[in-house]
Amino acid sequence: MNIARALTATAATAALVAGATVLATGTASAASYKCTTSKKSVDHPGNTVNDNFNFSVKTCAKREGGYIYTKAYVSVDGPWGFAGSSSVNDARALIQVKRSVSGTDPVSKYAYGNGLGSKLNNLDYGNTSYTSPTVKHKAAAGSRYLGDSVMQIDWRNDGKGRISYNFSASPTV
């Protein structure tokens, strides 16, 4: 009976170790995002005071399970004087999946991320952050893709409507 218990305990331990190994390799094999960070200082065109908004945008893409995923992470260092006041009429993030080709990369799929305007209008001591929605696109066999991001901002009191600010694309995946 002791031998049977020992064999059962050994088999159970082996099963646990094998299960842990499967879980560990499953997590390690998941694709990770490839990202590019770019920065841009934008002067609020509707004001004459020192009111630069410093954007840092990390544009990311990954290929996983036959799909391309893209997203952007935005960090904003805005002027102190705008904390709690409205600086934009509207703002949104345009996130794109582009097929990498020679010449201009065509857009395969895109999405607009809402909520950036309210973030810019409610700066916390001049700072805020924003994460775009993730865009998912079925990858064509043999094609390379990249993520691209554009911030589209309609500044208050400038009368110009929505202005597009392009940021660096992700590496190709």
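Buried means under 20% relative accessible area, exposed over 50%, and partly exposed in between, with a 1.4 Å probe and protein chains only. The model is predicted: local features need pLDDT of at least 70, side-chain atom pairs count only at pLDDT 80 or more, and totals for chains, interfaces and linings use all residues. Residues are numbered from 1 along each chain as its sequence is written, and side-chain values use heavy atoms, with hydrogens and water left out.

**View A. K62 pairs with E64 in a salt bridge.** A salt bridge puts a side-chain nitrogen of Lys or Arg within 4 Å of a carboxyl oxygen of Asp or Glu. Here the N to O distance is 3.6 Å. K62 is buried, at 14% relative accessibility. E64 is partly exposed, at 27%. The structure holds three salt bridges.

**View B. R162 meets D90 in a salt bridge.** N to O is 2.4 Å. R162 sits in strand 9 (residues 162-166) and D90 in strand 4 (residues 88-99), 72 residues apart. Strands are DSSP runs (E, at least two residues), numbered from the N terminus. R162 is partly exposed at 41% relative accessible area; D90 is partly exposed at 28%.

**View C. K98 and D148 form a salt bridge.** Their closest N and O atoms are 2.8 Å apart. D148 belongs to strand 8 (residues 145-155) and K98 to strand 4, so the pair ties together parts 50 residues apart in sequence. Both D148 and K98 are buried.

Methods: Helices (H or I, at least four residues) and strands (E, at least two) are DSSP runs, numbered from the N terminus.
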